[in-house]
Amino acid sequence: MNSPHVLYLHSHDTGRYVAPCGYDVPTPHLQRLAGEGILFRQAFCANPTCSPSRASLLTGQWAHSCGMGGLVNRGWSLPRPERLLPRVLAAAGYRTVRAGLQHVVSDPAEGGYERILDDGRPVEERAAAFLGERHDRPFFLDVGFTATHRRGRGFDPPPEGEEPTDPRFVQPPAPLPDAPEIRRDMASYIDAARTLDGQMGRVLAALEASGLGGETLVICTTDHGLAFPLMKCNLTDHGLGVMLILRGPGGLEGGRAVDGLASQIDLFPTICEVAGLGRPDWLQGVSLLPLVEGRRQVREEVFAEINYHVCHEPQRAVRTRRWKYIRRLHPRARPVLPNCDDSPTKDYLLARGWGEREEASERLYDLAADPLEQRNVAADAAHAEALAGMRGRLLRWQRETGDPLLDRPFLEPPASAVVADPEALSPRTAPTFPAREFLEARSRG
């Protein structure tokens with residue numbers, strides 16, 4: 001068989017908070033995968049919100065280019081599902097199979113999967129059973145996990161029979177203060193990550209037991225950053241940075257760490273190159289193989305955007321190795337609180353005035369001096385040249401990709417889309433309205 005199998009493992013809201021990325025989160029199965037494959041240290045999603053991130057990865061396009069502006073559960077669906085990776089692989093002779101989460105199309109039949117494994121067993125068991133079957137043609141197995149997504153205000157418990165993580169010895173995520181409430185919240189995330197690791201490990205063990213490990217391209221990633229304030233649904237690296245591990249044919253082995261910039265929209269063209277398939281003409285990403293092989297950097301910059309989450313919150317960003325530039329394209333300077341999941345950490349910050357803090361419409365961060373992106377130097381005359389350069393990069397990208405926000409205030413939502421009131425506090429209780437009517441009324445003042 002010339003074409004490799006493809007095993008696509010993806011999680012919900014994990015960011016880079018796993019052991020292979022250097023964090024004290026016990027994920028030994030992911031650590032082993034990284035030790036056998038390639039770890040991309042500077043990998044980023046295209047949009048730090050759920051459905052647009054996944055749609056960008058699976059179409060190889062930026063969110064505004066593929067037309068996925070918001071969440072499936074808020075009335076959005078990919079307008080051109082024929083561009084999805086499973087549809088392309090199916091046309092090339094792959095058996096396309098899904099187990100677990102999809103968050104891209106409202107009608108699962110549009111996703112391009114020949115089989116959807118949904119027999120009531122845990123996701124990892126369904127995937128493992130499929131891997132144990134006889135395979136007479138290459139497969140694309142999509143396995144989606146939800147363990148690190150918040151369940152209400154908390155997370156999944158630790159693996160069955162194991163003790164919860166002790167919050168006394170936990171370090172909160174980088175943009176958040178070291179407080180007991182936040183340590184407890186992070187300890188709960190770590191428990192969920194341990195569960196996720198066990199689930200992914202079960203699938204990887206089944207792959208090895210099948211004897212197909214050497215013939216399979218394994219992709220392990222997540223949609224965006226953690227479901228904490230200042231992370232998910234933010235264009236800093238705290239929201240955009242994702243774990244990304246590849247293992248398999250095409251030189252994707254050896255336990256190496258790669259430091260070049262990579263975007264998740266680069267995965268589609270990478271799969272095409274590894275599988276020897278023609279590159280669809282809509283792809284906006286680039287193959288990562290030259291980067292892996294050490295021939296050259298494949299990106300000078302990565303871009304990202306937000307259009308809708310629970311609320312409308314349009315922003316754009318560009319990141320190089322040295323600089324990050326974020327542009328807010330809506331008038332609200334204070335946090336859009338319904339776009340932040342409810343949590344003990346959110347309560348802690350709100351009690352200390354976070355909801356009233358304002359941010360500038362333009363932000364520029366010198367990542368060499370300020371890797372946590374806390375000091376905006378956009379107004380600093382010493383950085384005027386860098387600001388102009390980053391503005392130019394962003395404008396060029398918007399023009400080249402036909403960004404609708406160059407000419408109008410919002411990406412046109414489908415008739416079924418709804419948005420929440422940005423003045424509310426919680427995504428669970430915020431009043432919602434038909435998106436078109438709400439945004440047209442707002443644009444008229």
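A polar contact is a pair of N or O atoms within 3.5 Å; within protein, one atom must be able to donate a hydrogen and the other to accept it, and residues adjacent in sequence count only if both atoms are side-chain atoms. The model is predicted: local features need pLDDT of at least 70, side-chain atom pairs count only at pLDDT 80 or more, and totals for chains, interfaces and linings use all residues. Residues are numbered from 1 along each chain as its sequence is written, and side-chain values use heavy atoms, with hydrogens and water left out.

**View 1. Ser 53 in helix α2.** Ser 53 belongs to helix α2 (residues 50-59); helices (H or I, at least four residues) and strands (E, at least two) are DSSP runs, numbered from the N terminus. A polar atom of the Ser 53 side chain lies 2.6 Å from the backbone oxygen of Asp 223. Ser 53 counts as buried because its relative accessibility is 1%; buried means under 20% relative accessible area, exposed over 50%, and partly exposed in between (1.4 Å probe, protein chains only). Not counting residues up to four places away in sequence, Ser 53 touches Cys 45, Asn 47, Asp 223 and Gln 264, where contact means heavy atoms within 4.5 Å.

View 2. In helix α1 (residues 28-36), the buried residues are Leu 30, Leu 33 and Ala 34. Seen down the axis of α1, they fall within an arc of 95°, so they line one face of the helix; the arc is that of the directions from the helix axis to the C-beta atoms. The exposed residues Pro 28 and Arg 32 are on the face turned away from the buried side. Elements covering the buried residues include β2 (38-40), α6 (180-210), β7 (216-222) and β8 (244-247).

**View 3. The largest nonpolar core.** A nonpolar core is a set of buried Ala, Val, Leu, Ile, Met, Phe, Trp, Tyr and Cys residues joined through side-chain atoms within 4.5 Å. The largest one has 64 residues, and those touching the most other members are Phe 40, Leu 78, Phe 140, Ile 219, Leu 244, Leu 252 and Leu 288. Helix α8 (residues 267-275) supplies the largest share of this core, six residues. A second, separate core of 32 residues includes Leu 30, Ala 34, Leu 131 and Ile 245.

**View 4. An open sheet of four strands.** The strands follow the order β11-β12-β13-β14, with antiparallel pairing; two strands pair if DSSP finds at least two bridges between them. At the edges, β11 (302-308) and β14 (362-366) each pair on one side only. Five bridges join β12 (residues 312-319) to β13 (residues 323-328), and Ala 317 has Ile 326 in β13 as its bridge partner.
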